[in-house]
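Subject: Structure handover

Hello,

Please find the structure below, followed by notes on what was found in it.

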Amino acid sequence: RRSSDLRFLLYQILKLIAFKKISVQDFPQLLRLKEDKETDEELLTFGPEDFLKRWFNHHLAKANHPNKVTNFSDDVKDSEKYTILLNQLDPNQCNTDGLNESDLQKRAGMVLENAPKIGAEVYIKNEDIPSGNEHLNTLLTAELFMANNGMGEPTAEEKMTANKILQDDDEGGRES
């Protein structure tokens with residue numbers, strides 16, 4: 001029990017560090033992830049995990065992948081979506097050869113070999129992805145996002161919009 005509590009506490013600390021900058025304030029280009037009929041202000045209600053799922057799905061859609069990520073456990077444990085995501089982030093460095101690998105630990109290993117190619121630091125092991133460890137997969141996804149979100153620099157308009165909606169929010173435009 002004590003070991004489990006310590007692991008959870010460590011995860012919470014790492015999560016705070018990893019998620020600190022995953023916001024519209026720090027990444028105005030996240031406004032591009034707005035779906036039809038959604039307002040910019042509605043994006044302010046998103047937590048970092050929501051942004052990560054939306055971001056991941058944005059890149060999967062760009063690759064014409066038929067499925068979405070709804071969680072960071074079962075949806076990513078075969079490493080297929082990670083392979084496609086990394087290829088979208090840097091097609092020159094990260095190929096899709098892992099999709100031909102049937103051994104899930106080997107495929108996960110290929111993902112973890114590609115992650116540093118986009119500038120991500122890897123703290124997990126091959127077996128952590130296929131085990132469906134939601135905590136470790138969430139942290140890996142956050143690290144991939146922070147290393148290379150693949151969305152380019154924010155436009156001047158995105159910066160202005162982000163500043164405006166954040167300023168409106170500070171003035172009480174949205175309930176906490």
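In which helix does Asn114 lie? Asn114 is part of helix H5. This is a predicted model, and everything that follows was computed from it.

Asn114 first. Its relative accessible area is 10%, and buried is defined as under 20%, so Asn114 counts as buried. Apart from neighbours within four places in sequence, Asn114 is in contact with Leu86, Gln93, Cys94 and Asn95. One of these contacts, Leu86, is itself among the buried residues of H4.

Overall make-up

The protein has seven helices and zero strands. Read from the N terminus, the order of elements is α-α-α-α-α-α-α. The radius of gyration is 17 Å, close to the 16 Å that the globule rule gives for 176 residues, so the protein is as compact as a globular protein of that length. Along the principal axes, the C-alpha atoms fill a box of roughly 50 × 45 × 25 Å.

Of the 176 residues, 42% count as buried. Among contacts with a separation of 6 or more, 62% are between residues 24 or more positions apart. The accessible surface is about 10300 Å², and carbon and sulfur atoms account for 46% of that surface. On the charge side, there are 22 positive and 32 negative side chains, with the centres of the two sets 3 Å apart.

The nonpolar core

The largest nonpolar core has 43 residues. Those touching the most other members are Leu52, Trp55, Phe56, Tyr82, Ile129 and Leu144. At least two residues of this core come from each of H1 (2-19), H3 (48-62), H4 (80-89), H5 (104-114), H6 (134-147) and H7 (156-173).

What does Trp55 touch, not counting residues up to four places away in sequence? The list is Leu33, Leu85, Leu89, Thr141, Leu144, Phe145, Asn148, Asn149 and Met151. Two entries in that list, Leu85 and Leu89, are buried residues of H4.

Helix H4

Thr141 is in helix H6. Its relative accessibility is 0%, and Thr141 counts as buried. With residues up to four places away in sequence left out, Thr141 touches Leu52, Trp55, Phe56, Phe72 and Tyr82. Of these, Leu52, Trp55, Phe56 and Tyr82 are among the core residues that touch the most other members. Thr141 and Glu49 are 92 residues apart in sequence, while their C-alpha atoms are 9.3 Å apart in space.

Leu139 is also placed in helix H6. Buried or exposed? Leu139 is buried, at a relative accessible area of 15%. With the sequence neighbours up to four places away again not counted, Leu139 touches Tyr11, Leu14, Lys15 and Ala18. Leu139 lies 138 residues from Arg1 in sequence and 23 Å from Arg1 in space, C-alpha to C-alpha.

Regards

Methods
Residues numbered from 1 in each chain as written. Predicted model: local features only at pLDDT ≥ 70, side-chain atom pairs only at ≥ 80, totals over all residues. Heavy atoms only, no water. Core = buried A, V, L, I, M, F, W, Y, C linked by side-chain atoms within 4.5 Å. Buried < 20%, exposed > 50% of the residue type's maximum accessible area, 1.4 Å probe, protein only. Helix = DSSP H or I, 4+ residues; strand = E, 2+ residues; numbered from the N terminus. Contact = heavy atoms within 4.5 Å. Rg over C-alpha atoms; globule rule 2.2 N^0.38 Å. Areas by Shrake-Rupley, 256 points an atom, 1.4 Å probe, with all protein chains shown as cover. Lys, Arg positive; Asp, Glu negative; His and termini not counted. Charge placed at Lys NZ, Arg CZ, Asp CG, Glu CD.
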